[in-house]
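Dear colleague,

Please find below the structure that I am handing over to you.

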Amino acid sequence: MSASIPHYSAEQVHAALGYSALIAELKEAFAQGASVPLRHAHQVNEQENARLLLMPAWREGEALGVKIVTAFPGNAQRGAATVAATYVLLDGATGHPLALIDGEALTLRRTAAASALASSFLSREDSKTLLVIGTGKLAPYMAGAHAAARKFERVLVWGRAPDKARSLANRLAGQGLNASPIADLRQALAQADVVTCATTAATAIVHGAHVRPGTHVDLVGGFTSTMREADDALVAKSSVFVDTYVGALTEGGDVVEPIRAGVLKRSDVRAELAELCRGEREGRTSAAEITLFKSVGTALEDLAAARMVYREAAR
C-alpha cells in the first residue's frame, strides 16, 4: 500500500463521470447487485443535533466502499457548509484504502444518472420536453443526466423563486440545452413528457389532475417517509417504480404515505431498478401510461460511481 492515499476533488469527479458512461455503469451495477446494509445514523452532538451517517456497500472480494456524511446544523453560524461528505474506496480483496473521493460531487452525479437510467426504461422514446421542478444544487445535474438518456428538444424550468428559475435556465442554456424558465407549473406539466422533481417540498406540488397521459415523473427530492412531491391522485393513476424496495418503501414518502392510506398497495409497485436492469420486470408498456419513479438513493450507486472515478483517473 502506498504511503499516500489519492484524493479526487469535486472537479475531478465531475470530469470522470460523464452521464452516458455513468448511466451504463449503474445499469451494470444494478444488474449485478451488491451487499448494501441499511445506512447507519448516529447523533454525535445532541445540543446541535449533529449527525453522522455511514453508507457502506460491497461486492465480496471485488469492491468495497463507504460514504461518510456529516450534518452539523450549527455550521451555519460558523460560516461553514452544514453537510460534508467523503467517499472511502477500499480494495475488495485486501480491505486496504484506495482513494478518498469528494462525496457531494459523487452523490450529485450518481443520483442524476440513476434517474436517467430509470427513464430509459420508463419514459417514451419520443419524449421531447423535459420539465425540471426545483432550482437547488441537484437540479442542473438532473437536467444534464436526463438529456443524456433522451433527445429533448426543450427543457422547461420551474421553481418557487422566478429569479432562480431564470438563473438555472441560463446555466442549462450555456451547457447546450434549449432551456427556458416557466412561471406556471400547471401549464408546464401540460407540456412535459418527462418531469424531474428535486425539491425539499413537504407537501405535494405535482398533482395528478395536471399530469397528462404518457408522462414519466421522476421524484428524487423527498428523502423521509413524510415528505411529498406528488399527490395521491398522481400515485393512484401511475405505474409506480422505485430505485430499491428496501429504501423507497421505508423512506420515500411519495410511496410510503399512499400505501399507509390505502391508495397504493405494496403489490402495486411494479419493479425496483435492479429488476428492470436484469430484464426481470417490464418498464413502460404503453404510450399513454403514466410512469412514476421514486428514488431515495442507495450505496450501490456510490460504489459504482466511485469505482468509475478511480478507474478513469488511472487512465
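The largest nonpolar core has 52 residues, and the residues with the most contacts inside it are Leu17, Leu26, Phe30, Ile101, Leu106, Leu273 and Val309. Such a core is a set of buried Ala, Val, Leu, Ile, Met, Phe, Trp, Tyr and Cys residues joined through side-chain atoms within 4.5 Å; buried means under 20% relative accessible area (1.4 Å probe, protein chains only). Helix H4 (residues 103–122) supplies the largest share of this core, ten residues; helices are DSSP runs of H or I with at least four residues, strands are runs of E with at least two, and both are numbered from the N terminus. A second, separate core of 29 residues includes Leu185, Val217, Val242 and Ala248.

The model is predicted: local features need pLDDT of at least 70 and side-chain atom pairs pLDDT 80 or more, while totals for chains, interfaces and linings use all residues. Residues are numbered from 1 along each chain as its sequence is written, and side-chain values use heavy atoms, without hydrogens and water.

Glutamate 229 lies in the loop between strand S11 (216–219) and helix H8 (232–237). Glutamate 229 is buried but has no salt bridge (a side-chain nitrogen of Lys or Arg within 4 Å of a carboxyl oxygen of Asp or Glu). The nearest side chain of opposite charge, lysine 294, is 4.6 Å away; Lys and Arg count as positive, Asp and Glu as negative, and His and the chain ends are not counted.

In strand S7 (residues 129–133), five of five residues are buried. Thr129, Leu131 and Ile133 point one way from S7, and Leu130 and Val132 the other way.

Yours sincerely

Definitions and conventions
Buried < 20%, exposed > 50% of the residue type's maximum accessible area, 1.4 Å probe, protein only.
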